[in-house]
Amino acid sequence: MTRPLHPAAASAQPFQVADLRPTERLFEDPEGQDRLEKVVSRYPEKRAALLPMLGYAQERNGWISDENMAEIAGALELTPAYVRSVATFYTMYNRHPVGRHLIQVCTCISCHLNEGQEVFEQFLSETGTRAGEISEDGRYTVIEAECLGACGFATAVQVNDRYFENVTPDKVPAILDELD
Amino acid sequence: MSDAANQITLTIDGVEVSVAAGTTLLQAAEHAGVVVPHYCYHPGIPSRPAQCRMCLVEIEGQPKLQPSCVFPAGEGMVVHTTSEAAEKARQSVIEFLLLNHPLDCPICDAAGQCMLQDYAFETGQLRSRYAEAKMVLGRDRVADDILYFGDRCIVCTRCVRFMEDIAGDNALVVAQRGHKAYIDTFPGRDLDHAFRGNIVDVCPVGALVHEDFVFKARAWDMDAAPGICPGCSTGCNIEINVKENQVVRTKPRLNTEVNSYWMCDHGRRVLVMANRGVRAEAPMIRRAGELEPASWNEALAWVAEELGGSGGVAVASASVSNEALFYTRTLLNHLGIEGGTFEVEEGAEVTLAGFPKLKLRAERAPNATGAALHGYRRSEGLPEVVDGASLVVLGDALAEAPADYGANAGFFLYIGSHLPPAAGNATAILPAAAVPEMEGTFVNYEGRVQRFHRALRSPGVARPAWMFLSRLLEHLGEGTGVREIGDAFGVMAAGTEAMQGLTWGGLGLRGELLSEAGHPAVAAE
Amino acid sequence: MGYPYSHDLEVGTLLSRHLGDEKARTLAGWKELGGYASLPKALEMDPDAITEVVKESGLRGRGGAGFPTGVKWSFMPKEPNGPHYLCCNADESEPGAFKDREILRWVPHLLIEGCLIAARAIRAEHVYIYVRGEFFPFSGIVRDAVVEAYEGGYVGEDILGSGWNCDVTVHLGAGAYIAGEETGLMSSLMGGRAEPWIKPPFPAQSGVFGRPTTVNNVETLAAVPMIVAEGADWYRQWGTEKSPGTKLWCCSGHLQRPGTYELPLGVNLSDVIYEVCGGDPNGKKIKAVIPGGSSTAILTADELDCSGCYEGLAEAGSALGTASPIVMNEDTNIVQAMRRVAQFYAHESCGQCVQCREGTSWTAKILQRIEEGDGTFEDLDTLYHLCEQMTGRTICPLADSVVFPLRSSLDKFRDEYEALIER
């Protein structure tokens, strides 16, 4: 992005991305400071910036460590315990590192009716992993997801910030090839 | 009382009650003598999530059962807390709560005082229909002295909300969600708040337990007596739990004027630790240079005979009762001893954010106000004893004294429950009951006179100091001996300006404020 | 028209006309297509007059509950003593529903315009568009549209020279179905766990940040610009007396042409399934349909001849919900399908209310056991008991949501349960 981030957009950056720039600390560089200020400026209470900032931690590091939580707590004047309570409530915040490509296969009802379970198992066997594991080459983590909101395009698969739709088991190898 | 115009009349389980507008159905039910079972609601915690769904009641005209902990009473409302639908819902909540519960009541410290156990017995079913494997969470630590048994937890969040609403330290939270939810701290940041122990008291089940109480006593093996915490000058109302004549636990007892439902962790330890130390068990008198035991009659007669009216010094503890201080004062007057001093240990003050009147106060003794009221002077260090002069010591005032303190006194009368090394220099030792072993009163920081009750038996023949001092004074021709605490209090109140009008019975369990006249805090200004 | 397929029965209002047209995503393209025509009109109207038009149009909330939108707006205080907020609920996560996603990704400016008009009506100074976290690509489109709208003077200070200020912020969720419940959404927006709260206080009294708030669904807000532009009577040319207007139907499951279609309310459900969507892709018989998203009662193939509107589906024993029929053909194992639905709700329960926290997961476990052939007839009684105790007992309707499909499947497909038990 060449233009500076518009404050109205600061709370809506994808936080599951493949091109990570892992840095342990979030707010020690201008980028982190800028994000924090812009996000906080959009709400009457600092606490409301919590979800966007958890997202920011994941956007940078791929997952959210205890250290990042404590750092966010400090920045938003919350207790680390509170931040942890919120972070563990939402399923999209990775509490452990994941592969560069987080493959979420929807197996909820409409996808279930359209081979969702089979697609999920196909991804597991193609990547040689068990659910939630990082593949040996660090590229993939495959998990089962609840409804991804693409029921008319079953089976829906989300890989980081991309959607793959109408996936059938036989399309799985091609999708993996496409993911560098 | 409240304005009649703001009164609402409704019927709960056939009983008509009148309550103030804004009263919840659960509170209104209490007026009708009906207890609506509940878990997440706690009268001392302001937030009301209405999430345990245990207090659902049927209201005529309402399609759904409503949570009585938040539903406001309405004029003419007809409420049924035990209708078939309400009972069935409650039974169902119990069944849900027990699905993954380990049913480890035989080793659970809450057994016998457990709201889950009680309601399960009251409304539950004999057999669970749950055929699935139980989830196992195991045990965790939330503070250096508090354990969390996750499998017993019903996630009512009382503990979380105590920390947030009352302690003002959001350090305990619900982690995860849904059926995987549990209570936790942030890794490496256990609770260190000075009032954290209250989370154990508010826990309606056995999920949170003080580590020093684990496996120590069954609820039904303990006796309980109302007491006043001796930990500081706040005078928190407490319940003292006793097993085999040992204090095993102290818990806060409601007094909305003093401590609400809470007490601090410092206070919780004082009485439990007081089980330690060498006790004075029998009167001792020094004959031919040696201290030897004597009967009460012999000892009192001997002391009355030997004690001279030659002046001297006195030192009292600010942790003894008003009655002991008063009768000792009378004795000192008889002996021509002016003043008398007391010393109070000081510590850091900690305020409970959600009930700021409650503080762990800097003054770490329960009755400094009482000591001042009875004419003792606050000082640092012990008074110097002139060779050959009299020395009177009341209570645990010599714990830190050098071993030879008082050895040069002409007559050294030691009235106390414990025997520090310096007590060995006494001319006579009169063994006093310790505070939990007797009835009496303290005056707290704001001048509230509060009664405490007897929780323990005294060792040997130790007696309350007021009792034997009144007899000693009778020997000396001052008044008559008293045997009842009420009489002792009456004599004291009659002889103490700020206590005029107070009666033993009138103090009740809430206490009464001193009258302003003669109040040491007022007099000092 | 619909996306990715269209059909003759469809009505092509602004709601669906530009689905699939990338041009609609940019401000310039959208203006070319006639966008932002209603906002100037709304800016000249009294806020209460906007509410009145929407009230007269009979527009009902498209998030599932169907509460009349204008009535909801009228609950907001008329004389603000501090900020008001509008929350656009784009946390679309009801299994079966994917209509809001099409609005977000194809016509973001339509949504922004709807948000602004609604904000004007309820005197809100800030609009939060709460988008479910999984929708990164779509929230990105909305986000870029919002920035463009700021730059074009449609959002921000002194909007179109009217002197009126209103901000719009796109806010991402992070994976919680319950954030789609309005109080859960507000809890989440305030930086908390998405735990619903017990009403009162109602959002219009004390909502997000303790201020009067209205929460509206994406599709509801997207319908507002055309209602303001064309009038209530125009909108009422479609639909029924009680369910006026058009609705995005999103159809999934065993269908030849699954997707989103704009159809008038009151359309025959069986026409939606067979005519519009072409029935099963392989010509198999349809066994059952969950008509309004997974939280509605299941209908058998014989019950599909009913009016696709709020009252029509209620009469048929189910609900319109989000108008998201999930279609199951004759090969479907109903018990397995119900188990999958129950697992979803067990996974998404926030865990506050005991009935929901424990009941949803117990239900899923029993269904799993029956599916695996280890069920008993007592289990069926237990399931009925759970249905009873999970209905109307909790703060929010999540527990009820599993009951509707479950109880109806027990009633209508008991033979399938019994066959698995007897096996």
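**Note on domains and chain contacts**

1. In chain C, the centres of domain 1 and domain 3, taken over C-alpha atoms, are 34 Å apart. Chain C is assigned domain 1 (35–235), domain 2 (246–327) and domain 3 (334–422), the bounds coming from an automatic or database domain assignment. The model is predicted: local features need pLDDT of at least 70, side-chain atom pairs count only at pLDDT 80 or more, and totals for chains, interfaces and linings use all residues. Residues are numbered from 1 along each chain as its sequence is written, while chains are lettered from A and ligands numbered from 1 in the order in which they are written.

2. Between these two domains of chain C, 10 residues of domain 1 are in contact with eight residues of domain 3; contact here means that the C-beta atoms, placed from the backbone, lie within 7 Å. The domain 1 side of chain C that touches domain 3 of chain C has six nonpolar, one polar and three charged residues. Ala, Val, Leu, Ile, Met, Phe, Trp, Tyr, Cys and Pro count as nonpolar, Asp, Glu, Lys and Arg as charged, and the others, Gly among them, as polar.

3. Chain B is divided into domain 1 (4–95), domain 2 (130–221) and domain 3 (284–524). The centres of domain 2 and domain 3 of chain B, over C-alpha atoms, are separated by 41 Å. Six residues of domain 2 of chain B are in contact with six residues of domain 3 of chain B. On the domain 2 side of this chain B contact, four residues are nonpolar, one is polar and one is charged.

4. Chains B and C meet through 23 residues of chain B and 22 residues of chain C. Helix H2 (residues 84–98) of chain B gives the largest share of the chain B side, five residues; helices (H or I, at least four residues) and strands (E, at least two) are DSSP runs, numbered from the N terminus. That side of chain B comprises 14 nonpolar, four polar and five charged residues.

5. The contact of chain C with chain A takes 55 residues from chain C and 42 residues from chain A. Elements of chain C that each supply at least two residues to its side include helix H8 (136–151), strand E3 (167–172) and helix H14 (334–348). The largest share, eight residues, comes from H8(C). By class, the chain C side that touches chain A has 27 nonpolar, 19 polar and nine charged residues.
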